[in-house]
Amino acid sequence: MTANETYKILKSAVGPWFRTSGFKVAKNYLTYQKRIGEKHFSVRFQCHHQGWEKHKGSSFIVLVQLTEGADVDYAKLSRLTEYLGFEQLEFIRARQNRVLAGIPPITRPYKASDDIWFRYFTEEDVHAWAILLLKHVQNVHARVEANR
């Protein structure tokens with residue numbers, strides 16, 4: 001599955017919420033952006049640079065940022081997982097292990113600072129990740145909105 005095919009699945013799964021929540025699609029990768037007060041809240045879905053491998057699948061990451069300006073190219077991006085608690089990270093670890101069932105599973109608990117790339121092998125994997133991660137993005141967005 002190419003990165004473009006993956007972005008298409010992600011966009012169909014998460015795009016409606018971003019659109020109805022006032023986000024616009026920004027340039028580069030699959031990035032949604034919304035002005036909140038004087039700042040810009042951005043969410044980027046980025047496929048791994050090594051691409052699809054026939055026997056391993058591929059992965060993507062979700063990055064978020066709150067910046068002064070709209071330029072997402074030079075801002076420090078934070079992993080979505082940095083905003084998640086232990087139970088949320090454990091759920092992600094368990095989901096990751098289901099996707100990677102044919103490979104020895106990750107056994108240590110995730111930490112918020114871990115660089116977690118969401119592994120997938122099928123379109124269903126991408127869609128399921130998109131739905132799960134959108135819920136976390138919605139919660140982070142609500143906290144940012146509440147603290148502006």
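I noted the ground rules. This is a predicted model, where local features need pLDDT of at least 70 and side-chain atom pairs count only at pLDDT 80 or more, while totals for chains, interfaces and linings use all residues. Residues are numbered from 1 along each chain as its sequence is written, and side-chain values use heavy atoms, with hydrogens and water left out.

**Helix pair**

I took helices (H or I, at least four residues) and strands (E, at least two) as DSSP runs, numbered from the N terminus. I fitted axes as lines to C-alpha atoms, for helices over the stretch in contact, with angles from 0 to 180 degrees between N-to-C directions. How do H2 and H3 cross? The axes of H2 (residues 86-99) and H3 (residues 123-146) come within 12 Å and cross at roughly 175°. That makes H2 roughly antiparallel to H3; the classes are under 35 degrees for roughly parallel, over 145 for roughly antiparallel, 65 to 115 for roughly perpendicular, and oblique for the rest.

I listed the contact next, meaning heavy atoms within 4.5 Å. H2 supplies Gln88, Phe91, Ile92, Arg95, Gln96 and Val99, and H3 supplies Glu124, Asp125, Ala128, Trp129, Leu132, Leu133 and His136. Arginine 95 and tryptophan 129, from my opening note, are both in this list.

**Aromatic rings**

My pairing rule: rings of Phe, Tyr and Trp (its six-membered ring) pair if their centres lie within 6.5 Å; planes under 30 degrees apart are stacked, over 60 edge-to-face, the rest tilted. I get 9 aromatic pairs. The rings of tryptophan 17 and phenylalanine 23 have centres 5.7 Å apart and planes at 40°, so I logged the pair as tilted. Phenylalanine 23 also pairs with phenylalanine 41, edge-to-face, at 6.0 Å centre to centre and 65° between the planes. Phenylalanine 23 lies in the loop between H1 (3-20) and E1, and phenylalanine 41 in strand E3 (residues 39-47), so this pair ties together parts 18 residues apart in sequence.

I checked burial too: buried is under 20% relative accessible area, exposed over 50%, partly exposed in between (1.4 Å probe, protein chains only). Tryptophan 17 is buried at 18%, and phenylalanine 23 is buried at 3%. Phenylalanine 41 is buried as well. Trp17, Phe18, Phe23, Tyr32, Phe41 and Phe45 form one aromatic cluster.

**Single residues**

Glycine 15 sits in helix H1. Its relative accessibility is 0%, so I marked glycine 15 as buried. Leaving aside neighbours within four places in sequence, glycine 15 is in contact with Leu10 and Tyr32.

Is threonine 81 buried or exposed? Threonine 81 is buried, at 1%. I placed threonine 81 in the loop between strand E5 (78-79) and H2. Not counting residues up to four places away in sequence, threonine 81 touches Leu89, Ile92, Ala112, Asp114, Ile116 and Phe118.

Asparagine 28 lies in the loop between strand E1 (24-26) and strand E2 (30-36). At 34% relative accessibility, I logged asparagine 28 as partly exposed. The C-alpha atoms of asparagine 28 and glutamine 46 are separated by 9.0 Å.
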